[in-house]
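Thanks for coming. I will go through one structure, starting with a sheet and ending with aromatic rings.

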Amino acid sequence: QVVMHPARVLELQMQKKGFRMEVGQYIFVNCPAISLLEWHPFTLTSAPEEDFFSIHIRAAGDWTERLIDTFQQQKLEMPRIQVDGPFGTASEDVFQYEVAMLVGAGIGVTPFASILKSIWYKFQQADQTVKTKKIYFYWLCRDTGAFAWFNDLLASLEQKMAELGKADFLTYRLFLTGWDSSIANNVALHFDTATDTVTGLRHKTIFGRPMWNSEFAAVAAAHPRSVVGVFLCGPGALAKTLQKSCHQHSSLDPRKVKFYFNKENF
């Protein structure tokens with residue numbers, strides 16, 4: 001199945017035939033109709049529990065532009081797609097922590113689509129192996145328009161979690177790091193509304209970058225005896241900042257809070 005999302009983002013859903021995946025893995029994709037030799041990596045956005053696997057492709061260069069055009073123009077039969085994979089470190093580690101802090105920057109949001117969906121399925125199936133009691137999710141984005149599909153996913157998770165009585169399980173914070181005066185004026189006008197004007201979600205968008213010191217201090221205060229796993233999909237400079245914060249906010253007392261930074265690249 002092919003789904004066109006706003007801001008030229010193409011979602012491809014493919015049937016699993018002998019294909020097994022874990023959360024946070026990626027595949028290489030080739031489309032012979034565009035180029036016989038070019039293979040491009042994409043993070044899987046589906047959960048292992050789903051009966052298909054999916055990727056979200058954003059228009060970000062010649063190959064992706066041509067791929068999106070090809071799928072939009074196709075009349076009767078879909079262009080053939082070849083897939084190699086999946087590859088990558090299994091990010092199942094997220095489920096080994098009682099408390100997890102997930103940080104996604106820009107397109108680095110894709111592996112978290114897989115992780116958050118997978119957790120929802122595990123809850124539905126009352127999976128006893130899930131240790132996770134609380135997830136803090138931080139999404140840093142220059143422009144949320146390119147990731148409208150992810151807003152939709154968060155909105156449906158928000159609703160489903162509430163229906164399961166797990167509304168407090170996921171706390172997410174969206175940081176818009178680039179904006180113009182029209183967005184700022186619109187937000188000022190609608191500040192009292194129940195949902196956010198930028199994303200339509202219950203949690204308000206924050207303008208600017210996270211104050212990591214206060215974020216870590218708040219998590220440490222809320223979970224004084226927990227081991228917290230911190231996972232990042234984003235740039236190296238942010239990795240250094242988070243690693244430093246993990247070190248600073250971990251207690252020397254073994255009975256108290258510890259932050260572990262997971263450096264694996266999603």
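In what order do the 3 strands of the open sheet come? The order is β1-β2-β5, with antiparallel pairing. Strands here are DSSP runs of E of at least two residues, helices are runs of H or I of at least four, and both are numbered from the N terminus. Two strands pair if DSSP finds at least two bridges between them.

Before going on, the provenance: this is a predicted model, in which local features need pLDDT of at least 70, side-chain atom pairs count only at pLDDT 80 or more, and totals for chains, interfaces and linings use all residues. Residues are numbered from 1 along each chain as its sequence is written, and side-chain values use heavy atoms, with hydrogens and water left out.

Back to the sheet. Strand β2 (residues 9–15) is joined to β1 by 4 bridges, and in β2 the partner of methionine 4 is leucine 10.

Now the rings. The structure holds 15 aromatic pairs; rings of Phe, Tyr and Trp (its six-membered ring) pair if their centres lie within 6.5 Å, and planes under 30 degrees apart count as stacked, over 60 as edge-to-face and the rest as tilted. Phenylalanine 137 and phenylalanine 150 have ring centres 5.8 Å apart and planes at 55°, so this pair is tilted. Phenylalanine 137 is in strand β8 (residues 134–141) and phenylalanine 150 in helix α3 (residues 148–163). Both are buried, meaning under 20% relative accessible area with a 1.4 Å probe, protein chains only; exposed is over 50%, partly exposed in between.

Tryptophan 139 and phenylalanine 147 have planes at 75°, so they are edge-to-face. Ring pairs link Phe112, Phe137, Trp139, Phe147, Trp149 and Phe150 into a cluster.
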